Amino acid sequence: MNPCLVDICERFETISDFLEHKSQEQEVIVIELFSDFVECFSSVGAEKLDYPKEFQKDVKYYLQKEPVMMEQFEDIEFRYLMLSDFYDFCKLTKRYTNKKGC
């Protein structure tokens, strides 16, 4: 797994309670993390083909500034949910294991 994607997963763990305890500080983290994810995912080359097409399409259309996609991702919770889906996928497929070995 590309190091920048590992970093995304590690940073996501710091906001895993976002939906339950949303704060302005966590919203800023989600915005930054989503931006970093889009940049990282789009730069990993052929590795991105190993991930579900939903991630590939969402990132592609977001970068192309597709209006519907831009509107969806204005919602911070939607950004969080995409990051959560990515994190869960990486954990379930054992691409990523956190530092605690979980």
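The model is predicted, so local features need pLDDT of at least 70 and side-chain atom pairs count only at pLDDT 80 or more, while totals for chains, interfaces and linings use all residues. Residues are numbered from 1 along each chain as its sequence is written, and side-chain values use heavy atoms, with hydrogens and water left out.

I begin with the disulfide. The structure holds one, where a disulfide is a pair of cysteine sulfur atoms within 2.5 Å. Its partners are Cys4 and Cys40, whose sulfur atoms lie 1.7 Å apart. The pair links distant parts of the chain, with Cys4 in helix H1 (residues 3-12) and Cys40 in helix H2, 36 residues apart. Helices here are DSSP runs of H or I with at least four residues, numbered from the N terminus. The torsion about the S-S bond is about 75 degrees, so this disulfide is right-handed.

Are the two partners buried or exposed? Buried means under 20% relative accessible area, exposed over 50%, and partly exposed in between, with a 1.4 Å probe and protein chains only. Cys4, at 25%, is partly exposed, whereas Cys40, at 5%, is buried.

I turn next to Cys9. Its sulfur is 4.2 Å from the closest cysteine sulfur, in Cys90, which is too far for a bond. Cys90 is in no disulfide. Cys9 is buried at 1%, and Cys90 is buried at 0%.

Finally, Lys48 is found in the loop between helix H2 (24-43) and helix H3 (53-63). Lys48 is partly exposed, at 24% relative accessibility. Leaving aside neighbours within four places in sequence, Lys48 is in contact (heavy atoms within 4.5 Å) with Phe41, Ser42 and Gln56.

Key:
Helix = DSSP H or I, 4+ residues; strand = E, 2+ residues; numbered from the N terminus.
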